[in-house]
Each structure stands twice: as C-alpha cells, then as structure tokens.
Amino acid sequence: AKLEARYHTVSLASNGFEAIEIAERESTQIILLDVMMPGMDGYETCRRLKGSAETQHIPVAMLTALTDADDRAKGVEAGADDFLSKPIDDGALFARIEALGRFGAVAAQLREQNARTATTGLLTREEQARIDAPARIMILDADADRANRVSQKLKGMGHEIVLWQDADAQASLASGHLDLIVMALSGQPHDPLRLCASFKAQGLTDRVSVLVTYAHVDQERAAKAMVLGASDMVRTPLDQQELVARIRTQLRRQRYVEILRRRINRGLELSILDQLTGLYNRRYMLNQLEQWRKRIVGGGSDLSIVSLDIDHFKMVNDRHGLQAGDTVLETFAQRLQQNIRPKDIACRPGGEEFLIIMPETDHEQARTGAERIRQAIAAEPFSIGSGKSPLTITVSAGGATFSCWEETMAVLMHSADLAL
C-alpha cells in the first residue's frame, strides 16, 4: 500500500515459485523478496532469479528480520542487490527503491541496446571475474579513527584504499580512477550534501558508486543524498559485515553496467569493422560513400576512391592454405593503413578486394596515393609463418573521382573497378 501510494505498480507473490513466474512474465523492475517463504526460501528464489538470463538483471532486495552476518553473507552469495531489515523503515525503503530504480532503468536501457548490437545472455567467466575483482575505494570521513578502521577491514579483502586525508586524494577524485566512495554524512566539517551534488554535476556518480554513512538523526539528509546521486546509505554505528556486503553489492551493480556498456561498444565495432583485418566493412563503406556524395552535391570538394585487388590471391589459398591467405590479408591491411593519410578511409568490402575513400582528393592526388600503396605492398615479401618461404605479393589499383551530381556511388565504384 505504501508503494502504491507513491504510484508504483505492485504485483504480489505468496511464494518463490510465483515470484519467479511473475518476474519472467511481467516487466518487473524491482523485486522485494522475503527470506522466509513456504516451499522455497528467499535465498534459493534469489539464486534462481540471478541464474536465469531472463531475470538476472532485475535488482533484488531481500527483506529479513535476521541480523546475523552469516545470513547476510548467504544473501550476498545468492546474488541479492540489497537488504532491508524488519521492521522496515519507510525512509530506507523509499530511498533504496529509488536507487534500485535508477540502476534498473540504466541497466534496462543498456540491455535493450545490447540486444541489438552485441552478445546477450549470462555473464562470461571473464566478465564474472571482473565483477568480483578488488576495487579502488575512497573513504571520505573527517573522523580519522573510523576511516582507518574501515580502511583496514577493506584492505584485508584485497581492495586498494584512498583516504580523504591522503595527499593523492584530490587527484584520484579529479581523474575518476575510483570504483566507489564511502562518504560520511554526519559530524563532518564540510557539507557532504554539497559534495554529493558536485559529484553528480561532474558526472562522477554515473561511473562511481557513492555509499553514505549517517547517524540516525541525519536520516532525512541521507535520503536527500540518495536523490543527489548516492547509491546506498548505511546507518552508524557501522556494522562491518553489513558495510562489506553493501560495498560488494554496489561494486557488482556498477560493474554490471560497465560490462553492458563494453558489450555495446564491442557490438558497434563489430557492426562496422571487418573482423579479420580491422578495416571498415562493406556496410560502413557504402554508408560513408553516400554521406560524402550528399556533401559534394551540397557544394563540397572533390572525392576520389581507389579500388585495390590482390593479384593471384586464389593461388595463395590453393597452394599454401586458408591460414596463409588470412595472414596475407592481415599484413596487406597493415601496410595499407600505414600508407594512407589520416583522413582516408580504408575498407575491405570482401575477399581480396579493398577500397580507399579519399575525401577532398582530385584524380591526380588519388593516382599518387594509389602508386604509393602499390609500391609499399610490393616492397617486401609477406611472411606466412615459420618454416615457410615468404611470398611476393602485388596489387592492382584503379581510381575514380566523383564528377557529376547525378552520378551514383555504384557508378563511381564500377568506374574504379574498370580502371584496375
């Protein structure tokens, strides 16, 4: 009822099996999961949710009356993203719902992009290792004794710690070479909320989690810190095990988002790059040619292309094998990139065919560039592996220059092919 009063849509499940079914069927954004349930307890339910590619991304907050460190550790091992102790404090509940909602929204957006551009599904072994790797953590607390106690605990877990009092603390903040900030809210000589707002304005909270510690009297300020971009809050006096569990949760959450972003970037690369040579692929080449055509029609300068074809490449494959052929293509691409200008665009549309897009280049300049490439390819034999004799490789080149606004890029490419 309290959540519905804040305009959240709530689905109820009486046991773990129902919870899993609802999570798989509906567009669930956050799961509040009681530890004590009939049939299957909250730990096993959480474990199954996090073990499924369909539901592993949904943030799970476990509700428990248990305060024993072992029980909390069990929840962490099951994959829980957060914990709320009974009786549940309204302020803590709403603050954590907001934080989990922010994380869920970002993760959902990235997962949608990831589904279009990169590999989806469960984390790989390497990605899982990254999620659980030690972190670089800053402790921002004017109470040196308390900061040192927390520091020693985290160092014992393998984390690298930077104290606010350290000489390189400001440099660490400026560079952003941090994974998490533990920031004390109560009893500080500065205004932590202003600092939190500064972190948000600088975009720091987009890539670094901020966990605030607070005294009971500062609960409203802690909730305000969450609005300003903090990721979690822990009340003092600090329970070391709870702090450790929450830090681990924040790190896992932040790194999951990083992994999705990397997958997307990798997927975008794969969509425009030839995987063997690293040159741009046919799809990107055609897109660029069309963009340059529009620019020239609108009053831009010359555009030339040079089409390249490795001579007798089929003979390389037939006599020396496909691996040798791939090696020749890779070496050819390297020499090609070393002998073009920064503004030129090297592409491999397919097989042994290559094409250079030369912006702001007339026909004579393109001819000069093509001759430079031809000489570089023939200058030195191509190694195809140990124990095998290097091969002499040559290339034929043909150029064409866009000369009429009615001319299509297909006609231009055909003219270059005819000039080979």
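Predicted model: local features only at pLDDT ≥ 70, side-chain atom pairs only at ≥ 80, totals over all residues.
Visitor: In what order do the 3 strands of the open sheet lie?
Guide: Strands are DSSP runs of E with at least two residues, helices are runs of H or I with at least four residues, and both are numbered from the N terminus. Two strands pair if DSSP finds at least two bridges between them. The pairing in this open sheet is parallel, and the order is β1-β2-β3. The edge strands, each pairing on one side only, are β1 (31-34) and β3 (82-85).

Visitor: What is the bridge partner of L32 in β2?
Guide: Strand β2 covers residues 60-64 and runs parallel to β1, with 4 bridges joining the two. Within β2, L32 has as its bridge partner A61.

Visitor: How many residues apart are E44 and R48 in helix α3?
Guide: A salt bridge places a side-chain nitrogen of Lys or Arg within 4 Å of a carboxyl oxygen of Asp or Glu. The side chains of E44 and R48 form such a contact, at 3.0 Å from N to O. Both residues belong to helix α3 (residues 42-50), and their separation, about one turn of the helix, is 4 residues.

Visitor: Is D318 buried or exposed?
Guide: D318 forms a salt bridge with K314, the closest N and O atoms being 2.8 Å apart. Relative accessible area under 20% means buried, over 50% exposed, and in between partly exposed (1.4 Å probe, protein chains only). K314 has 59% relative accessibility and counts as exposed. With a relative accessible area of 54%, D318 is exposed.

Visitor: How many residues apart in sequence are the parts that E360 and K343 tie together?
Guide: The side chains of E360 and K343 meet in a salt bridge at 3.4 Å, N to O. Because E360 lies in the loop between β11 (353-359) and α15 (363-378), and K343 in the loop between α14 (322-338) and β10 (345-350), the pair ties together parts whose separation in sequence is 17 residues.

Visitor: How many salt bridges does a search of the whole structure find?
Guide: Salt bridges that share partners join R130, D179, R255 and E258 into one network. For the whole structure, the number of salt bridges found is 21.

Technical notes. Residues numbered from 1 in each chain as written. Heavy atoms only, no water.
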